[in-house]
2 protein chains.
Amino acid sequence: MARATAHPDHSCISSEDVHGVEVYGVDGSHIGEVDHLIIDKISGRVAYAVVSFGGFMGLGHSHYPVPWNALRYDNSLAGFRTDITEQQLKDAPEFSDDNAWQDRDWETRTHQYYRTHPYWDVRTGGL
Amino acid sequence: MARATAHPDHSCISSEDVHGVEVYGVDGSHIGEVDHLIIDKISGRVAYAVVSFGGFMGLGHSHYPVPWNALRYDNSLAGFRTDITEQQLKDAPEFSDDNAWQDRDWETRTHQYYRTHPYWDVRTGGL
């Protein structure tokens with residue numbers, strides 16, 4: 001059996017281990033952690049990370065679906081960085097905890113709100 | 001709260017619900033199910049589905065990491081289809097259950113073997 005070689009730019013993780021990956025703000029402060037991911041089964045792209053923002057007080061929900069493209073994985077932190085602020089979360093389009101991500105209208109408004117590229121607009125020949 | 005609208009081409013699933021999604025062979029027979037996914041945290045792409053092939057007998061492992069691009073999601077089946085055969089699994093590059101997907105050499109050989117496009121060769125401006 002070959003010994004595994006970890007590549008610096010190689011950051012695969014099991015979907016079972018996603019729970020608890022840390023999320024940091026622009027200033028490097030810890031603001032929450034990933035609860036789970038929402039995955040588009042057709043394209044195999046992660047659409048949202050559902051993040052528990054324990055570091056922000058007074059939010060209306062305990063978990064927020066954040067467009068994947070609003071997070072950047074940082075190997076040196078072993079976690080994600082995001083520019084999203086507490087105020088942005090408070091003003092974000094209303095959502096249902098269970099199924100907002102099955103409502104394309106909500107998805108469109110949310111991606112526009114966070115100025116992120118929609119995961120369903122696939123500009124690639126990769127598939 | 002808006003009512004969710006399910007789109008026919010819209011197949012998001014929670015990473016917590018991935019366990020147990022069915023896998024069917026070319027002839028439509030049930031050959032296994034997804035145990036979990038391996039996700040590239042940098043790109044947000046699913047790299048592998050780790051599949052339990054209960055429908056195939058005499059395999060050396062209970063779970064096999066299958067390149068994502070060797071699976072096609074079929075909404076009408078609510079599951080994946082794959083062309084992979086029992087013989088292909090038996091002859092596939094040796095792997096370690098825990099960390100084969102951290103070994104880029106194994107990954108390259110495996111994608112070549114299944115003739116699938118490597119997930120790390122991103123030919124897109126999406127990010």
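## A:Arg104 in helix 2

A:Arg104 sits in helix 2 of chain A. Helices here are DSSP runs of H or I with at least four residues, strands are E runs of at least two, and both are numbered from the N terminus. A:Arg104 counts as buried, at 14% relative accessibility. Buried means under 20% relative accessible area, exposed means over 50%, and partly exposed lies in between (1.4 Å probe, protein chains only). A:Arg104 and A:Trp120 are 16 residues apart in sequence. Their C-alpha atoms are 9.9 Å apart in space.

## Basis of the model

This is a predicted model: local features need pLDDT of at least 70, side-chain atom pairs count only at pLDDT 80 or more, and totals for chains, interfaces and linings use all residues. Residues are numbered from 1 along each chain as its sequence is written, chains are lettered from A and ligands numbered from 1 in the order in which they are written, and side-chain values use heavy atoms, with hydrogens and water left out.

## Chain A overall

Chain A has two helices and seven strands. From the N terminus on, the order is β-β-β-β-β-β-β-α-α. Of the 127 residues in chain A, 50% are buried.

Contact means heavy atoms within 4.5 Å. Among chain A contacts with a separation of 6 or more, 41% join residues 24 or more positions apart. Chain A exposes about 6,200 Å², and carbon and sulfur atoms supply 46% of that area. Accessible areas come from the Shrake-Rupley method with a 1.4 Å probe; for residues, only the protein chains shown count as cover.

## Positive phi in chain A

A:Ala78 has phi near 55°, a positive value in a residue other than glycine. A:Ala78 belongs to the loop between strand 6 and strand 7 (79-82) of chain A. A:Ala78 is partly exposed, at 45% relative accessible area.

A:Arg115 also has a positive phi, near 55°. A:Arg115 lies in the segment after helix 2 (104-113) of chain A. Its relative accessibility is 80%, so A:Arg115 counts as exposed.

## Nonpolar core

In soluble globular proteins, nonpolar side chains tend to be buried together. The largest nonpolar core here has 70 residues. Such a core is a set of buried Ala, Val, Leu, Ile, Met, Phe, Trp, Tyr and Cys residues joined through side-chain atoms within 4.5 Å. A:Leu37, A:Phe53, B:Leu37 and B:Phe53 have the most contacts inside the core.

Beyond neighbours within four places in sequence, A:Phe53 is in contact with A:Ile31, A:Gly32, A:Leu59, A:Ser62, A:Tyr64, A:Val66 and A:Leu89.

B:His111 lies in helix 2 (residues 104-114) of chain B. At 3% relative accessibility, B:His111 is buried. Setting aside neighbours within four places in sequence, its contacts include B:Tyr48, B:Pro67, B:Thr116 and B:Trp120. B:Ser14 is 97 residues from B:His111 along the chain, and their C-alpha atoms are separated by 26 Å.

B:Gly58 lies in the loop between strand 4 (45-52) and strand 5 (63-67) of chain B. B:Gly58 is exposed, with a relative accessible area of 67%. B:Gly58 and B:Glu86 are 28 residues apart in sequence, with C-alpha atoms 9.0 Å apart.
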